[in-house]
Amino acid sequence: RSSSAPPDAGLSLVVLAPGGSGCDAAEIARRVLADAGEQEPPAAGGQPRAPAGPAAAAPVELPAQLEIGEARGRGYRVTTLNLEEYVARAVAGEAAPGTPPATLEALAITARTYAVANRGRHAAEGFDLCDLTHCQALRPPTAASRAAAAATAGRILVFGGRPAEVYYSASCGGWSATPREIWEGAASTPPYLVSRAEPACRDASRWTSEIPVRDLERALRAAGLRGSALRDLLVVGRTASGRVARVRVDGFEPAEISGEAFRLAVGRTLGWNLVKSHLFDVRRTSTGYRFTGSGFGHGVGLCVMGASRLGRGGRSAEDILATYFPGAAVTAPAAPAIRLELPAGDEHERAALVALVEQGLQDLQAKTGERAPARLTVRFHPTVESFRRATGRPWWVAGATRGDRIDLLPVSVLVGRNILRRTVTHELAHLLVDPVLEDRPLWVREGLAAIFAGEAADVPPPAGACPDDDEMRGAAGADQMREVYERAAACAARALAAGQSWRDIGK
């Protein structure tokens, strides 16, 4: 492969070793490819060679939001999700309860990578991704899935400077597959999508099912095959990892179909719990056919069952990803570009103020699971009157956030009132939570901003109803505003104490 070739352009090599074994051929291929400058292939036995500790790749600009099609009957309802909220839901939908945190983090990075690389997959239908296994199954997020999304916020797998082509499944059944083994017509396999042995997954994911002949006939007809009676069902071809490549369906036309086409035909008509993977054997019974196999899903890429075993063994998310996607790199967390606008007289405070904003964002992103916009403007006004003219807010209000811009009172005023850190953190909290809560009452947004900023630790429970928007906006002075905002924070705290997710308060 020349250095100017695209990342997925590779060198094919056929090794003839008369009298030698497969291991001998693999070692010969390894030496030849190494001499040619190619990445080393998997070692004998299917175990990938560990990468030499690649450094984190440069951040890649990611979409802030995704348009998601939620399946409703025969159609979809389109909704907009923040990228990190989407990742938290995907991890909840794809991981089993009790999955180790490191495995959840590896899955979060994989799910985020998949979303970015496949954005627009449903463009013809007016959205980016669906909420089914066709893309990624989404479920209500859990505390663990939110923690995994927050811990890995903004990080994806890349190869050649682009989002990597990634896949994952519940269990590889003992041996992972390459894309070409599963999907006919798949493009050349990227070097980081390897086939590797996972012996422990074989016994842990065994399954057996029996399907009556009449049900198989119904499934085949629903898939577009022509025929009335299934005379016999035979596996007539397997892939390098032992998966079913071709199935003969005597009595139907075409008489031979791919293993993937057969599994899809059964799954779409009879349910996905009957033929759970492509690793199976089949034999005739008195009423139909019995399938015995291992694994759950297609088996390409990350094996969640195997990754869970690695996580329980103390491996980090980065180690797990290097195992399943050797050669792909995880990007470094992307930091937003902060534009700090200061009067000339406050320039000596610039470094300290930038550090305050950066630390506040880091803490709040971990608390909320949200990601800051790529660019942020923070302006400390030279006078109170300048702040009032720019924001339309009264003098007793210390800050205002609109989109990716934060306006603040002069530094000297905030320092004199001893509220500099608290005010900056409060407005940064608005920056992160307001896009999620834009259709909620003001008390929800202000109450949660106060809680995330650490202002509401000792607020008493609300004595009455939560303040409405008119009451929130109509405060006639600093004391009245403080009382109304404390009630808002107490209402939000009460909802959180009752077990509500902050994203669901006030719906």
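## Terms and basis of the model

A residue is called buried when its relative accessible area is under 20%, exposed when that area is over 50%, and partly exposed in between, as computed with a 1.4 Å probe on protein chains only. The model is a predicted one, in which local features need pLDDT of at least 70 and side-chain atom pairs count only at pLDDT 80 or more, while totals for chains, interfaces and linings use all residues. Residues are numbered from 1 along each chain as its sequence is written, and side-chain values use heavy atoms, with hydrogens and water left out.

## The disulfide and other cysteines

The structure holds one disulfide, a term that stands for a pair of cysteine sulfur atoms within 2.5 Å. C466 and C491 form this link with an S to S distance of 2.2 Å, and the angle of -115 degrees about the S-S bond makes it left-handed. Because C466 lies in the loop between α15 (442-452) and α16 (469-473) whereas C491 belongs to helix α17 (residues 478-497), the pair ties together parts that are 25 residues apart in sequence. Helices are DSSP runs of H or I with at least four residues, numbered from the N terminus.

C466 is partly exposed, at 24% relative accessible area, whereas C491 is buried, at 2%. C130 takes part in no disulfide, the nearest cysteine sulfur being that of C135, 3.5 Å away; C130 is buried, with 1% relative accessibility.

## Helix α7

In helix α7 (residues 213-222), the buried residues are V213, L216, E217, A219 and L220. On the other side of α7, R214 and A222 are exposed.

Technical notes:
Helices (H or I, at least four residues) and strands (E, at least two) are DSSP runs, numbered from the N terminus.
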